[in-house]
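Colleague: I would be grateful for a close look at the aromatic ring pairs in this structure. Please set them in the context of the helices and loops around them.

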Amino acid sequence: MNKYFKLFTNGLLKENPLLVIMIGLCSSLAVTTNIWNGIGMGLAMTFVLLMSEIMISGFRKLIPNSIRIPVFIIIIAAFTTIVDLVMKAYTPALSKAMGVFIPLIVVNCIIMGRVESFSYKRTVPESILDALGMGLGYTWVLCVISIIREFLGAGSFFGMVILPEQYRVGFFSQSPGGFFVFGMLIAIAFAINKAIEGRGGAK
Amino acid sequence: MNDLVKIFLSAMLIENVVLMRFIALCPFIGMSTDVKKSTGMSAAVLFVTVLATAVTYPLYKFVLIPMNLQFLQILTFILVIAALVQLVEFYLKKSAPALYSSMGVYLTLITTNCAILAVTFDVIAKGYTFAQSMTYAVGVATGFALALVLLAGIRERIKTAPIPAFLKGTPILFVAAALLAMSFGGFAGLIK
């Protein structure tokens, strides 16, 4: 039980795809100008990751080693198409706001990385937990970035306006703000991980 | 003609893929450790982007639309790009070993470079003609090269600069990128 729990929490902080491994950055900065986009992107990504990992770990004994990469790409692209079409049908506004970033889930390095290094070698239940951990790890970071940027840039929280016009900093809702907020977040994550390691070493 | 210049400039500077639209951030951070590496990567990206657009655009117009298969866009485009990268790699290895040794290592990484897939999708979404699409592809790739080489230059200076311990390593790169993006914001008024 403990082992499975560890697989799940691994993605949340210790090996967080965005803050620690730093892959799949593109979508995380582009769409996070407000929280709904952040949540939407996070969930879309988690869905594709989860389905691809289940599929690939289920069929891992049937996929020949030499053509595994094209097979992975086709599976990932199929699930991305599903997400794209579903979002276009049921949440057209969200789909429009994210534009090209939904198709770009295909080339998100997180999915390719996890599929190649994890689910191609592990069982289905392990892959499910890994996908959920990684997906939610990605989603929570996206939420934090978008809360900060939405609050400072547009003066609102979940769309409710809090800050009056004159206190808003347009910098944060534009692209430089995205880089800046993300830089600060990874600095904090580094410091926290280092502190945890330091404590572990002292024991 | 005027129209093409406009598309080129806005793709390269105003809507710079990396700094303004956050596309292709992974190679931007990973490949900018020194100027030589970054120029190699940029050349490979330019080459493959233009080639990929030249293939996917007619494919979409003359195969997917007549057969009413637009929903397969994601699947076909990514496969075409992956296959193309492989072919280019084989070809270069065989017939231009010198070029391969300078560009080859970056080619394998390119399949998952978001910029290429994004360009092929953009030109369809924007409804460009073939000439406009090619110009756009060159513009985006040049913009990528510009941002990458600039960051690589900055990184070489960062190595010797005094940096607060809190920001050492990757965080300072994002702060540098933020400042770079701010200066690119100055191009916004370039084209009316």
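Modeller: The following account begins with the aromatic pairs and then turns to their surroundings. The model is a predicted one, and it holds 13 aromatic pairs over all chains.

One of these pairs joins A:F72 and A:Y120, whose ring centres are 5.4 Å apart. Their planes stand at 75 degrees, and because an angle over 60 degrees counts as edge-to-face, the pair falls in that class. A:F72 belongs to helix α5 of chain A, which covers residues 68–90, whereas A:Y120 sits in the loop between α7 (109–119) and α8 (124–154) of chain A; the pair therefore ties together parts that are 48 residues apart in sequence. Both A:F72 and A:Y120 are buried.

A pair in chain B can be described in like manner. The rings of B:Y60 and B:F77 have centres 6.2 Å apart and planes at 80 degrees, so this pair is edge-to-face. B:Y60 is part of helix α3 (residues 35–64) of chain B and B:F77 is part of helix α4 (residues 73–95) of chain B, so the pair ties together parts that are 17 residues apart in sequence. With a relative accessible area of 10%, B:Y60 is buried. B:F77 is also buried, at 0%.

Ring pairs also link residues of chains A and B: A:F179, A:F182, B:F22 and B:F174 form a cluster.

The account now moves to B:R21, in the loop between α1 (2–14) and α2 (25–30) of chain B. B:R21 counts as buried because its relative accessibility is 16%, and the cut-off for buried is under 20%. Setting aside residues up to four places away in sequence, B:R21 touches A:A30, A:V100 and A:F101 in chain A, together with B:E15, B:N16, B:D122 and B:Y136 in chain B.

Helix α1(B) has 13 residues, and its first and last C-alpha atoms are 17 Å apart, close to the 18 Å expected at 1.5 Å a residue. Its buried residues are B:I7, B:A11, B:M12, B:L13 and B:I14. The elements that cover them include α7 (130–158) and α8 (170–184) of chain B.

Helix α7(B) also meets helix α6 (residues 114–125) of chain B, the two axes coming within 10 Å and crossing at roughly 145 degrees. The crossing of α6(B) and α7(B) is right-handed. On the α6(B) side the contact involves B:V119, B:D122 and B:V123, and on the α7(B) side B:S133, B:Y136, B:A137 and B:V140. B:D122 and B:Y136 are also among the residues that B:R21 touches.

In chain A, A:P17 lies in helix α2 (residues 17–21) and is buried, with a relative accessible area of 1%. Leaving aside neighbours within four places in sequence, A:P17 is in contact with A:G11, A:M22, A:I23, A:I110, A:M134 and A:Y138. The C-alpha atoms of A:P17 and A:S95 are separated by 24 Å, and the two residues lie 78 places apart along the chain.

Finally, the cysteines deserve a remark. The count of disulfides over all chains is 0. A:C143 counts as buried at 17% relative accessibility, and B:C114 counts as buried at 5%.

Terms used
Residues are numbered from 1 along each chain as its sequence is written. Chains are lettered from A and ligands numbered from 1 in the order in which they are written. This is a predicted model: local features need pLDDT of at least 70, side-chain atom pairs count only at pLDDT 80 or more; totals for chains, interfaces and linings use all residues. Side-chain values use heavy atoms; hydrogens and water are left out. A disulfide is a pair of cysteine sulfur atoms within 2.5 Å. Buried means under 20% relative accessible area, exposed over 50%, partly exposed in between (1.4 Å probe, protein chains only). Rings of Phe, Tyr and Trp (its six-membered ring) pair if their centres lie within 6.5 Å; planes under 30 degrees apart count as stacked, over 60 as edge-to-face and the rest as tilted. Helices (H or I, at least four residues) and strands (E, at least two) are DSSP runs, numbered from the N terminus. Contact means heavy atoms within 4.5 Å. The expected span of a helix is 1.5 Å times one less than its number of residues. Axes are lines fitted to C-alpha atoms, for helices over the stretch in contact, and angles run from 0 to 180 degrees between N-to-C directions. A crossing is left-handed if the near helix is turned anticlockwise from the far one by less than a right angle, and right-handed if clockwise.
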